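Subject: Structure handover

Hi,

Here is the structure I promised to pass on. Please open it alongside this note and follow along.

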Amino acid sequence: MYRYLIFFIFLLPPNLFSQCDNPIYQTITFIDETKVEAEYCGDINDRGERDGKGKLTYIDYVVLYEEGTWKNNVLNGNGKTVMRDGDVYEGNYELGKLVEGKYFRENENGSITYEGKFDGNYFNGKGKLINENKFQVSISEGIFFKNDLLNGTKIIKENLSGVQIKYKVEVGVETLVERNDVNIYKKDDIVGDAEFIKVPLIQRGSENEGNLAYDVELEINGVKGEWLLDTGAMTFSIGKILFERLVENGIKYKDLNKTTLSFGIGGQASGSLVIIEEIKIGDYIIKNVVADIDENNNYSLLGTQFLIKFSNVEWNMKKKELILYK
């Protein structure tokens, strides 16, 4: 047994054996004259400088250790720096500074990762930053300057609700571009050849009776229903009975797990937001429509939150029609 063990040891690379067996104790002096004690295991040159493969472990300093390829006492080439607080930097070093690679930090709340260009320990240049915790994921991508996104995009995804918010970042200033819990105009969401369509309105009540109103017919997954046209409201909602009928017929939707509270014809109502895959109106099919499912009453309202999916809308009351522009 001992013969096999000795034989195995002699097969180990001599450099690896010496790195573990003979650390070199050093005093590191920084530019600001701060002195830190450390031990080095690895290759040195004829001047006694760190040169080649090696690992420098600090005894009492914010940096725990540095390892990789050294040249004249500094990392130069592939390397890694591990901070005592858990921060990890890894990638390509030039004359002691990280210029491109990865950053990682993990704790009980989540993790932060970055991949791209660096200026030392700063995110600097083109890169991608992902900040994740149990509540949400934030993804920033573009050009960074001293750890902050200077120009690019930032997307926040909420884990519980499924809400996704996108920002455009210019010179460090964030501007909201879109969010998936409200409807916005996207031409690609409108399927149909015509530049506009005319949708007939279904009259409800009369002027003489003082209860004139109009319904619009929509179709979801082959199921037709009538929505009360309400241009004075933002809401696009589906009443309780209609939604139950849609579910029975296999409606395709995404639940955003987000509760809403609204006030309207039926009084106060609570509901939940969903994204419906497709809704047919006239000769158009509208994709990715956010709707409020009414849990308290059976009113289905078509307000501006649906109409905003189009580039323009005209309401001709006398001809009882809506003109929807692609």
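Let's start with the second largest pocket. Its lining is made of 16 residues, and Glu178, Arg179, Asn180, Lys186 and Asn288 lie nearest its centre. S12 gives the most, with 3 residues. The space inside comes to about 310 Å³. By class, the lining holds 7 charged, 5 nonpolar and 4 polar residues. Please keep in mind that this is a predicted model.

Now the largest pocket. Its volume is about 380 Å³. Here 17 residues form the lining, and those nearest the centre are Ile28, Phe30, Tyr58, Glu66 and Val74. At least two lining residues come from each of strand S1 (24-29), S3, strand S4 (63-71) and strand S5 (74-83). What is the make-up of this lining by class? It has 12 nonpolar residues, 3 polar and 2 charged.

Next, a single residue. Asparagine 45 sits in the loop between strand S2 (35-44) and strand S3 (50-58). Is asparagine 45 buried or exposed? Its relative accessibility is 16%, so it counts as buried; the cut-off for buried is under 20%. A polar atom of the asparagine 45 side chain lies 3.0 Å from the backbone nitrogen of arginine 47. Leaving aside residues up to four places away in sequence, asparagine 45 touches Asp51 and Asn72.

Last, helix H3, which covers residues 240-248. Which of its residues are buried? They are Leu242, Phe243 and Leu246. These three cover an arc of only 95 degrees around the axis, so they lie on the same side of H3. The general rule behind this: an α-helix has 3.6 residues a turn, so residues three or four places apart point the same way. The face of H3 turned away from the buried side carries Ile241 and Glu248, both exposed. After H3 comes glycine 250, with a positive phi near 80 degrees.

For your first look, I would show these on screen:

- Glu178, Arg179, Asn180, Lys186 and Asn288, nearest the centre of the second largest pocket
- Asparagine 45 with Asp51 and Asn72, which it touches
- Leu242, Phe243 and Leu246, the buried residues of H3

Best wishes

Technical notes. Residues are numbered from 1 along each chain as its sequence is written. This is a predicted model: local features need pLDDT of at least 70, side-chain atom pairs count only at pLDDT 80 or more; totals for chains, interfaces and linings use all residues. Side-chain values use heavy atoms; hydrogens and water are left out. Helices (H or I, at least four residues) and strands (E, at least two) are DSSP runs, numbered from the N terminus. Buried means under 20% relative accessible area, exposed over 50%, partly exposed in between (1.4 Å probe, protein chains only). A polar contact is a pair of N or O atoms within 3.5 Å; within protein, one must be able to donate a hydrogen and the other to accept it, and residues adjacent in sequence count only if both atoms are side-chain atoms. Contact means heavy atoms within 4.5 Å. On a 1 Å grid over the protein atoms alone, a cavity is a set of points where a 1.4 Å probe fits but cannot get out, and a pocket is an open set with protein on both sides within 12 Å along at least five of seven lines; lining residues have an atom within 4 Å of a point. Grid points are joined across faces, edges and corners, and a volume is the space filled by probe spheres set on the points. Ala, Val, Leu, Ile, Met, Phe, Trp, Tyr, Cys and Pro count as nonpolar, Asp, Glu, Lys and Arg as charged, and the others, Gly among them, as polar. The arc is that of the directions from the helix axis to the C-beta atoms.
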